[in-house]
Amino acid sequence: MTPLWKLGPTVPLGSPFEPGARHDVVIVGAGLTGLSTAVMLADAGLDVAVIDAGVVAELATGANTGKLSLLQGSRLAEIRRHHPASLVRAYVDANRDGMQWLLEFAETAGIPCTRRTDHSYAQERAGLDVLRRQHAAAREAGLAARMVQPADLDVPFPALGAVALDDQATIDPVRVTQALARRLLASGGTLHEHVRATGAHALPEPRVETTAGPLFAHDIVLATGTPFLDRGLYFMKVRGLRSYCVSFRTSSPVPEGTFISVDGSTRSIRAVAETDGPADAAQLVVGGGGHPVGRSDGETAAIDDLVAWTRRHFPDAEETHRWSAQDYESHNLIPFVGAMPRGLGRIRFATGYAKWGLTNAPAAAQRLTAEILGTPRRERASWMTAIGTRLTVPADLARGAAEGARVAAAAASGWADAERRAVPVPQPAEGQGVVANRAARPVGISTVDGVTRAVDAVCTHLGGVLDWNDAECTWDCPLHASRFAPDGRRLEGPAVHDLGRVPRTRAD
């Protein structure tokens with residue numbers, strides 16, 4: 001499943017790895033958060049090194065829809081429902097600063113974008129109340145949002161009304177992130193691809209442990225989607241969300257604006273132009289089908305539903321690519337950014353963008369940069385203080401408790417399912433996987449590309465029983481959103497170790 005933005009060959013951007021090297025800052029993660037932070041710090045004169053287990057824009061950054069918006073579907077209404085107006089405004093101001101920084105960088109780097117009007121729209125009458133609350137929250141936060149009636153929405157899909165915000169943007173997320181990497185290297189920074197971090201420590205001196213050896217630094221930033229350290233239990237304060245995208249060629253008229261539904265099955269729609277995507281590869285991207293990681297009745301069915309929906313409303317749509325992305329939502333709906341507990345102020349992180357990373361990531365980078373540089377609080381943007389000093393309210397605790405209950409139920413279900421399927425089991429069909437019980441231990445058995453494999457089906461991060469993802473042929477953890485390849489190789493999430501391989505018996 002290759003994202004539309006990754007059609008071209010991978011550009012070698014890395015530097016030779018030197019175990020034991022020392023830098024001012026080591027950043028784990030070469031996505032938008034990590035590289036934006038790296039560029040800001042390098043521009044300030046610091047020696048910065050970035051490492052990634054994959055390549056630049058490997059995961060969420062390279063697999064989103066490429067939309068920059070301050071409206072963000074029903075996000076502002078959801079935050080306002082549980083938090084004061086001042087916090088919503090601070091969230092909007094942060095995203096505005098992040099968006100402005102990214103677009104200014106893109107212009108300087110020669111990366112084009114397209115300015116578009118973004119729409120949050122209702123598919124059914126029940127969604128109209130959400131629109132009213134979204135409009136009120138947006139206006140209260142200082143955005144020039146407006147209500148749009150159905151007659152004024154020139155779209156081929158059902159829309160009973162919308163909230164619109166002008167002057168938002170679409171961009172190729174991989175091109176802009178690769179440009180950040182080149183900027184870092186040109187500034188004297190260091191970038192190591194295919195180097196996996198396995199730990200980070202503040203004592204006896206700050207260092208990042210990797211599969212290739214340690215790196216030492218004065219400050220460490222974990223920009224890995226969700227932190228792989230257990231300090232602060234942030235893996236329990238966020239939930240991993242997986243969603244899907246499909247791109248299409250079509251001769252049907254494609255709406256010029258961007259759209260995302262606020263009710264029913266999520267539908268995210270954007271046009272693709274030469275200025276904000278691969279030329280002639282596709283004209284339309286449709287996203288949706290989101291679910292908590294490892295907790296879905298069928299990932300392939302979710303993608304097929306997106307395709308069927310698109311062909312109903314764009315009859316000649318021809319599918320070109322399908323892919324998925326993973327992001328994390330915090331229990332209090334505001335991203336977590338700052339110092340980790342027990343890190344002595346030397347280990348920082350960012351997570352919880354809830355699928356709006358193209359604006360939240362550079363905003364997080366600005367805050368991380370201000371903290372690392374020691375910028376006096378009076379000189380920082382006011383939103384940094386407002387977000388950094390927010391209090392946990394009862395609604396936050398209730399959401400966290402509810403999500404914890406769902407996680408516990410998923411864990412119990414996983415163990416029960418494994419218990420019911422004692423080895424031997426029939427060999428799974430191509431593209432399928434099953435969890436069975438061998439000597440009271442869950443074993444994941446799958447067949448992919450004609451090869452049947454057996455792996456330990458217990459996640460290496462705190463022991464959740466894994467679930468088979470039939471769209472991507474992966475083992476996904478319903479507890480903390482770690483994901484693994486059929487052969488047990490760790491792909492993403494808080495886990496840092498691969499799954500153990502289990503010898504197959506003739507019967508399984």
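Trainee: How do the residues of the lining of the largest cavity divide into nonpolar, polar and charged?

Mentor: Nine are nonpolar, two polar and one charged. Nonpolar covers Ala, Val, Leu, Ile, Met, Phe, Trp, Tyr, Cys and Pro; charged covers Asp, Glu, Lys and Arg; the others, Gly among them, are polar. Note that this is a predicted model: local features need pLDDT of at least 70, side-chain atom pairs count only at pLDDT 80 or more, and totals for chains, interfaces and linings use all residues. Residues are numbered from 1 along each chain as its sequence is written, and side-chain values use heavy atoms, without hydrogens and water.

Trainee: How many cavities of 30 Å³ or more are there?

Mentor: A cavity is a set of points on a 1 Å grid over the protein atoms alone, where a 1.4 Å probe fits but cannot get out; lining residues have an atom within 4 Å of a point. The count is one. Its volume, the space filled by probe spheres set on the points, is about 110 Å³.

Trainee: Which element gives the largest share of the lining of the largest cavity?

Mentor: Helices here are DSSP runs (H or I, at least four residues), numbered from the N terminus. H8 gives the largest share, four residues. The lining includes Tyr 91, Trp 383 and Arg 367.

Trainee: How many disulfides are there?

Mentor: A disulfide is a covalent bond between the sulfur atoms of two cysteines. The cut-off is a pair of cysteine sulfur atoms within 2.5 Å. The count is zero. For Cys 477, the nearest cysteine sulfur, that of Cys 459, is 3.9 Å away.

Terms used:
On a 1 Å grid over the protein atoms alone, a cavity is a set of points where a 1.4 Å probe fits but cannot get out, and a pocket is an open set with protein on both sides within 12 Å along at least five of seven lines; lining residues have an atom within 4 Å of a point. Helices (H or I, at least four residues) and strands (E, at least two) are DSSP runs, numbered from the N terminus.
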